[in-house]
Amino acid sequence: MASAPQKGSTVELLPSLKQLNEQLKREIDAGRLEVKLERRGLVISLKEAAFFPPGNDAIEPGAMQTLATIAAELNRTPNPIRLEGHTDSVPIATERFRSNWHLSSSRAVSMLQLFSSRFGIPAERMGVAGFAASAPIASNETPEGRARNRRVDI
């Protein structure tokens, strides 16, 4: 018989995968996000176009309901959470973001701050990483591929 998870332990992620796939079906079908189980754990991949303005780290207000659904599931499990920012390979150089490294890191931090302040997920459970264009999931040779690479993975 399985005992209740200890604080700081990890729990089976299949129920969370099923729950998120059901609750976020509309967003998944629209291509705004993906939910999958990988070797590293449950990965929720948020597409840039649905969650951030181009070249910015401000979270779109229209994404709050989706993020609330995700946060509720994250709050149900004690697992550690890593927020990873990713960009395409097109260089950015603005006054605010000197490189794709800065943009990807800043988007991950924006998600951490939102999950912590608005949805009550303890900041101690989360970590951030900025990958810039170093971990693409599609080719950067096409506009479609670049769009897939611009994301935040939870």
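**Helix packing and the sheet**

Trainee: At roughly what angle do the axes of helix H1 (residues 14-23) and helix H4 (residues 64-76) cross?

Mentor: This is a predicted model, in which local features need pLDDT of at least 70, side-chain atom pairs count only at pLDDT 80 or more, and totals for chains, interfaces and linings use all residues. Residues are numbered from 1 along each chain as its sequence is written, and side-chain values use heavy atoms, leaving out hydrogens and water. Helices (H or I, at least four residues) and strands (E, at least two) are DSSP runs numbered from the N terminus; axes are lines fitted to C-alpha atoms, for helices over the stretch in contact, with angles from 0 to 180 degrees between N-to-C directions. The axes of H1 and H4 come within 10 Å, and they cross at roughly 165 degrees.

Trainee: Is H1 roughly parallel or antiparallel to H4?

Mentor: Angles under 35 degrees count as roughly parallel, over 145 as roughly antiparallel, 65 to 115 as roughly perpendicular and the rest as oblique. The crossing angle of roughly 165 degrees therefore makes H1, relative to H4, roughly antiparallel.

Trainee: Which residues of H1 and H4 make the contact?

Mentor: Contact means heavy atoms within 4.5 Å. H4 contributes Thr69, Ile70, Glu73 and Arg76, and H1 contributes Ser16, Gln19, Leu20 and Gln23.

Trainee: Which are the edge strands of the sheet?

Mentor: Five strands form an open sheet of mixed pairing, in the order S1-S2-S5-S3-S4. Two strands pair if DSSP finds at least two bridges between them. The strands that each pair on one side only are S1 (33-38) and S4 (126-130).
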